[in-house]
Structure formats: structure tokens, C-alpha cells
Amino acid sequence: MRKQIIPSIIILILAIVIAVGSQTFLSPCVHEDGSFATCHWAGQALLGLGCVLGVLGALALCVKRARPGVFLSALPVCILGILTPGTLIDLCRMSAMHCRMVMQPAMIILFSAALLCALTGAILSMRK
Amino acid sequence: MRSFSLTIKNLVRKPGRTTVLTLLTAFLALAVFGGSVVVFSLRRGLNSLEARLGADIILVPSEAQSKVSFQNMFLQGTTGAFYMDASVLDKALEVEGVEKAAPQTFLASLKADCCSIKIQVIGIDPERDFTVQPWIARSLTRGLGDMDVAVGCKVEADVGEIIRIYDQRCKVISRLEATGTGLDTAVYCSMDTMNALLAAAEDKGVSHKIESGDQLISAVYVKVKDGCDIDAVNSRLNGHIRKVTAVRTRSMLTGVSDSLAGVSRTVTVLIAAVWALAFLILLLVFALIVRERAREFAVLRLVGASRGMLARMVLLESALCGLLGGLLGVGLAALLLFPFAGLIESALNLPYLMPDTGIILLLAAGTVLLAVAVAALSSVTAAYRLSRVDPGTALREGN
């Protein structure tokens, strides 16, 4: 029982970091004149994916019977999150920019960690 | 073999103790692997910068003499543009002791043109250039033609792609090797292309600060003849050419190498402190383990385990924790160092070029071996004491 709760708590925390981070310390680049950089839309998509992952994490925590399905549905969300910055949505075209230097690697690591947790959670909850 | 399976069982049955020992050695491994990769990267970056600055002296307009901003152009890729008349090149070649001289022209692009930010465009004279050209040539399959550009490895443009600089369509014909310096964020073109870009920039209202129509250059790279005193040539250049400042590249590099030495020293001291602290903690943990496990070892002695077998078991347990911790620490360090290399480079503000894969693998293997050795070493006393436990006393005293 406790073993299944731990992955859902970790997913919830990671989702909060992703959603808050995508608008703060892991945000896309901002031009000096306030205009949107190319990576702005990747940041918006990551905010959305972070929120969806958060809801799934909360569901996995609260709804015991739905756990296997919730963990499984978190998997494609995490894969989307890994692919969004740079592959599905363009980032700025300079490696030295914040979106490529900070946002992309951090998001890939956070979503990969969430993917591992979701996978572990799914296995543990299906084993029951 | 039996003692190995018993060791594994001991580790699995006491997850708390195993986790603490593993985490301690992981912390050690993280510090050593992370620190050594950073120091190696800084050294490689400095070597790369030295190789790129193949000139002994750089001539720049007096207005650009603030060495710091000039240095920043190399280290951080800060955009900058300053101009002087191209006749400076001929005047430099007249000076006694000058073996060869090559001009470069700088231009900062407008931010929206290709890369969301301003990028530095550097015009070179392929026939004269001896600093950038050898590096560019390694990645080029043909010479830089009209409106052709070669981009630094940090500019995300593919070969064959058209990028627009001041509304001029420039074709990317090559992406250059990484140097770990600000040169990686620049775009390189021939002087003809640069003249077209300067004209286009002027049409857009970007002033070049000297009379329009003149042939403009931004810097002249000077190689001094073998055997000549570089300082004397530097003084002659300063005296011979007006409104121009001659900067010795060594003075630029000295600042960088001093900073690098400072960072290396700090990292080394930190690694040593972490190791000393962790070694002491491990010794303490094993000293406590001796008390905790005296009865367990006494029972093992009673059922026929030899002293040597018990000592081997303790050493093997700690070595396995060291192995796990070493692998974990190296993995964690890799997770932080490799994806965030750009961030580290930008935070250190020094040339930073990751070592080759072979060296990284060697460092990782060395770190894991060191973690195993330190874990085993710190348990030697505990192994000796536990193997000498007197079963009768231990069982009578135990609670």
C-alpha cells in the first residue's frame, strides 16, 4: 500500500516543480523588449503537461482502485514532456540561451524521473 | 562463494545500513567525478582558447581597448563591434618584427534575424588568416564563397540552411567544432560577405562610427617573427599606428589562466575536504557497526566460520557498498554535468570544453575504483576487530 503511494507523491511533487518551474526558474527565454521568443510556446505546453501530470499524481494518490490506469496514463504524458522542448516545439536557435541551457535539460530530467515513477507505480499497483 | 552469498544477504537484510554506506560513498564519488570533470573541462577550454588565439598581438581601435569587453567576446560570445580603417593592416606589416598579420571584421546581427538574440558575425580574410582559418578549414569542404557562412557549434542552424542577417540571405555551409569559448556562438564569413552585411546594416540604420565607404576592419591579428621580442614589437606597433591599441594575447590569457587556477584550487580543496570528512564518517560508522554486530559474528564463529572468512565478509560488504555508491555518485554527477554543461560554462565565465569520451570513461572508472578502495580501507579496522571477537564474551555481554 505504502509502496504505491510513494510514486504518486513523487509524481505530484515533480508535476508541481514542472508547472511552477516552466513559468519561473525553468522558464523559456524572454526578449529585452518583452516580445515572445521562439521557445515561449514550448514553455506554455510544458505548463499544461505539468498540470495534467499533477492531476494524475493527485488521482493516483486519492483513488486507490484507479491507480494502475492512472499510472499508465501518466506514461504518455511524460513521454510528451520529454519530447516537447526542442523536438515537438522549437526552441531558440542558440545553445547558449536559457531555454536550451536550462529549460530543456531540466525538463527532460524531471519528466524522465516522473516516467520512472509512473512505471514503478504501474508495476507495483498491477502486482497487487 | 558461500561468504559472498552471506554478504549479499547481509546487505539486503539491513537496508538502512546499506543505504547509509552507499549514500556516503556516492557523495564521495559525486564530488570526485564532478570536480575532476570540471577541472579537465576548464583546462581543455584554456588550451582551446590558446589554440584559437594563435596570434601574439591583437590590434584593436583605441575605443575598444577595454580589454575586458574584448576578452568577453572570446569567453562569453558577447557581441561587439568596433571599426578602424583597413590601412592599419598595411601599417602593421611595415613594423619591424611582424611576420604576418590578418584582419577580422566584427558585426553584431539584429536579434530577430536568425537566432532570437544578437549573434557575432566575424569576417575573415581566408588568404591571410592564420588564427580562425585552420579551425574552420577542418569543418569546411569548400572555401567560404559569396554569402556563405560557417556557424559556431552553438548556433542551431543546419548545413544548407539559409539564415537571414540584416535581411541578407546567407547559406550555412558548415558547423564548426566546439572550442568551449565565445567563438562557438559566432558566425564566420569572408570579407566580401562581411562588406555586403555591413552595407545592409547601414541601410537598416546601424552606424559603424567611422566614415562610411572606407574599407572597415575591427582587429588585426599579428604573429611576431621567431626570436623577436614580443613586448618590443607590441611597443613599436603602439607607437607606429595612431588611434590603435596593441594588446598582447598573453596578457588576456594570463587573466583567464589565473581564474582557472583559482577555480581548480577551490575544486581540489573541496574534493579533499569532502573526502576527509566522508572517510572520517565511514570510520565512525564502521566503529559503531563493530559494537552492533559483535553477537552476529560470535554466532558465525560458533557455527564454524573462520576469522579470515569473517574479515573477508566485512571487507566485501564495504567494497560492495563502495561499488554501488561509486556507480550512483558517478551517475548523479553525469546527470548534472552533461545536460547542464552550458549553464556551468556560463556560470564560471571561463573557457569550458568537455573532455573526450575516453577520458570521461577513465575518470568514471577511476572514481568508482577509488570509492571501492576507500570504503574497503575504512572498514579494515572493523574487519580486524570483528574477526577477533571472542564468541563467549560477546554472547554473554550482548543484550
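Let's start in chain A, where Ser112(A) sits in helix H4 (residues 98–127) of chain A; helices (H or I, at least four residues) and strands (E, at least two) are DSSP runs, numbered from the N terminus. This is a predicted model, in which local features need pLDDT of at least 70, side-chain atom pairs count only at pLDDT 80 or more, and totals for chains, interfaces and linings use all residues. Residues are numbered from 1 along each chain as its sequence is written, while chains are lettered from A and ligands numbered from 1 in the order in which they are written.

Ser112(A) counts as partly exposed because it has 16 C-beta neighbours inside 10 Å (buried means 20 or more other C-beta atoms within 10 Å, exposed 12 or fewer, partly exposed in between, with C-beta atoms placed from the backbone).

In chain B, nine strands make an open sheet of mixed pairing, ordered E6-E7-E5-E8-E4-E3-E10-E1-E11; two strands pair if DSSP finds at least two bridges between them. Strands E6 (162–165) and E11 (244–248) of chain B are at the edges with a single partner strand each, so one side of each has no neighbour in the sheet.

Axes are lines fitted to C-alpha atoms, for helices over the stretch in contact, and angles run from 0 to 180 degrees between N-to-C directions.

| Helix (chain B) | Strands touched (chain B) | Angle |
|---|---|---|
| H4 (residues 87–94) | E1, E3, E10, E11 | about 160° with E3(B) |
| H8 (residues 249–302) | E1, E11 | about 55° with E11(B) |

As for confidence, the predictor gives the complex an ipTM of 0.81 and a pTM of 0.77.

Terms used: Contact = placed C-beta atoms within 7 Å.
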